[in-house]
Amino acid sequence: MEIMVPPDILQGPVASWSQHYTSNRVGKKEAGGLYDQDAGMTASTPAHWQGRATRSISAESEIFRPLGAIVNAIADVPLPNISPSCRYHWGEALHTQSEVSEARHNIDGGLRLVETSSPSDHKKARNWQTLDIAVNFAFQCEDTPDTPDTVSDNRWRTLYSAYHTLRGDCRRKHTYSITIEDDRVALWYFSRSHSAKSTDFNFFDVRAVVEALASLIFSTVEDLGYDTDVRRVVEKDARTEEVRIHYVYRVEGRFFKTVKCRDDHDDLRISGRATRVWEVVEAPSFDETRALSDARRTMVLRDVWLEDGSETEREIQTKIFQRCDELAKAFPADDDPRLHEVDEETRELLRRRLLDGSYKDLFLTISADSRGATSKSCAEGFTAAPELFADLVDINREATRPGSDTKRTPSPHALSTPDVSIPRAQRADDFRDYRPRQRNFVVYEEVCSALHELDDLHVAVQALLDALLALQILFLISWIHRDRNSTCPWAGALQVRIPNRELPFSWRLNFSLEGPFTSYPALARD
């Protein structure tokens with residue numbers, strides 16, 4: 001059993017949401033033409049709308065059907081130097097199909113890209129591909145005695161739809177949703193740093209609705225959340241003739257095509273590091289994806305969202321190596337407190353590894369790394385709104401991460417439910433620093449195995465010994481490593497190494513206690 005954890009939700013004015021969380025390419029002059037086109041918006045709404053509260057939920061698709069014509073009428077208005085990137089599609093009991101998680105769920109409608117940047121290999125007519133849907137729609141009629149708390153259910157459905165989208169398409173930086181609950185409309189932005197919901201506004205406020213829809217319809221594909229540094233490709237395996245989906249990453253001007261997913265942490269959260277680890281081969285370009293003839297063997301690429309301004313792993317590793325080289329020139333004396341109760345054999349081993357530079361063999365070799373897209377900062381006027389999700393949702397699913405404990409209990413944070421009786425000013429969430437996150441790509445030359453994947457006792461023990469040696473060296477240069485889990489020591493073909501993906505959990509101790517500390521949580525997992 002796992003728990004679907006609500007994201008760090010902020011709420012604020014509609015105008016500020018559109019201005020900050022979209023590209024907002026439609027100016028006041030262009031918007032005037034859109035108002036004229038949709039002046040009959042209210043008249044086009046079915047007469048039985050006002051009686052929606054007494055109708056069954058199964059009639060929702062029929063009640064909201066005219067919305068499609070309204071949205072596409074906006075998209076059809078010719079605007080100078082601007083063209084729509086998506087149009088509205090809807091239907092009864094539509095599904096979206098995730099290619100990564102092999103999951104699907106129902107949606108009520110969506111803004112679908114006019115031109116997809118990648119072909120699909122699925123032929124099921126009633127399943128929309130997650131990659132095509134830029135904005136999800138969720139409709140809900142007013143609560144009735146037969147359907148209590150349907151608004152809350154609708155919001156959880158919206159939340160899972162966003163999670164499903166971000167996890168199912170590696171190109172996504174963020175995603176959007178629009179909810180219509182009775183005649184109240186809300187706009188949602190979901191990212192790896194935080195999520196933001198606009199305050200509700202009336203569906204019959206033509207100007208507000210047209211401006212909100214136009215801000216999304218006329219956004220560029222990149223502004224809708226598609227990362228230009230990642231491309232999806234579909235290829236047929238020459239040996240098995242099986243159609244396979246790959247992603248091509250651009251890192252430091254080089255291109256790496258995914259071969260196999262090594263680690264996709266299936267965490268039921270939206271905000272966070274969202275780490276993916278792939279086996280990759282180097283390719284010439286986005287368009288030519290065959291492996292380079294002079295390319296090294298398979299390498300490993302890690303895709304992770306770190307706090308904006310964080311050092312890259314190469315920068316951290318460079319600092320560590322510089323400190324190690326300095327230590328080699330002035331190795332601590334035998335009475336140094338850092339060597340307390342360290343036996344002579346270990347001291348000599350540490351001294352030798354530092355002098356000959358072989359300590360570097362304890363760390364993975366970085367072939368390339370780069371910073372990518374950055375999530376948006378918190379919009380002006382937005383404040384924490386934990387009451388939007390009053391209850392947590394249990395997902396009946398066993399833990400699937402290799403080496404994980406299927407009987408583990410959720411963390412205290414996951415179980416915490418906001419107490420709406422506490423004034424907002426007193427809630428801890430209000431004081432959280434909603435810093436943007438930046439995507440980071442790093443490519444390692446070695447392909448290793450996590451400790452829990454090993455079936456050779458000798459290799460496993462050697463991995464632990466080498467990990468201990470690396471930690472002793474980090475301690476000698478006053479760096480602390482706070483993450484502890486079975487993926488810390490990785491065993492390679494020739495030696496055991498500490499993966500650099502753990503370095504963001506390490507930092508140099510500041511004994512003077514001056515300056516900011518890096519705020520990585522203790523015992524955090526990727």
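This is a predicted model: local features need pLDDT of at least 70, side-chain atom pairs count only at pLDDT 80 or more; totals for chains, interfaces and linings use all residues.
Residues are numbered from 1 along each chain as its sequence is written, and side-chain values use heavy atoms, with hydrogens and water left out.

## Overall make-up

The protein chain has eleven helices and 24 strands. Helices (H or I, at least four residues) and strands (E, at least two) are DSSP runs, numbered from the N terminus. Of the 526 residues in the protein chain, 51% are buried. Buried means under 20% relative accessible area, exposed over 50%, and partly exposed in between (1.4 Å probe, protein chains only). Among contacts with a separation of 6 or more, 73% link residues 24 or more positions apart. Contact means heavy atoms within 4.5 Å.

## Nonpolar cores

The largest nonpolar core holds 47 residues. A nonpolar core is a set of buried Ala, Val, Leu, Ile, Met, Phe, Trp, Tyr and Cys residues joined through side-chain atoms within 4.5 Å. W17, L111, F137 and I178 touch the most other members. Elements giving two or more residues to this core include α1 (14-21), α5 (66-75), β3 (86-97), β4 (104-113) and α7 (206-217). The most comes from α7, with eight residues. A second, separate core has 21 residues, including C324, L339, L362 and F363. C324 is buried at 1% relative accessibility.

Beyond four places in sequence, L111 touches V71, C86, R87, Y88, D132, I133, A134, V135, F137, L216 and I217.

## Strand β8 and its partners

β8 is mostly covered, with seven of its eight residues buried. β8 pairs with β7, β9 and β10, as tabulated below. Two strands pair if DSSP finds at least two bridges between them.

| Pair | Sense | Bridges | Opposite residues |
|---|---|---|---|
| β7 and β8 | antiparallel | eight | Y176 and Y189 |
| β8 and β10 (201-202) | antiparallel | two | R184 and N202 |
| β8 and β9 (195-198) | antiparallel | three | W188 and K197 |

Two hairpins involve β8. One joins β8 to β9 through three residues. The hairpin of β7 and β8 has two residues between the strands, and D182 there takes a positive phi near 65 degrees. D182 is in the loop between β7 (174-181) and β8 (184-191). Is D182 buried or exposed? D182 counts as buried, because its relative accessibility is 4%. D182 lies 41 residues from C141 in sequence, yet their C-alpha atoms are 4.7 Å apart.

## The seven-stranded sheet

An open sheet of seven strands runs in the order β11-β12-β13-β14-β15-β19-β16, with antiparallel pairing. Its edge strands are β11 (230-236) and β16, each pairing on one side only. Neighbouring strands are turned by 35 degrees against each other on average, direction ignored. Axes are lines fitted to C-alpha atoms, for helices over the stretch in contact, and angles run from 0 to 180 degrees between N-to-C directions.

Within the sheet, β14 (residues 276-283) and β15 (residues 299-307) pair in the antiparallel sense over five bridges. R276 stands opposite D303 in β15. Helix α8 (residues 313-329) lies across β15, β16 and β19 (437-444), at about 130 degrees to β16.

S367 is buried at 14% relative accessibility. Leaving aside neighbours within four places in sequence, S367 contacts E252, R254, M299, R314, V443, Y444 and E445.

## Cysteines

How many disulfides does the structure hold? The structure holds zero disulfides. A disulfide is a pair of cysteine sulfur atoms within 2.5 Å. C170 itself is buried, at 0% relative accessibility.
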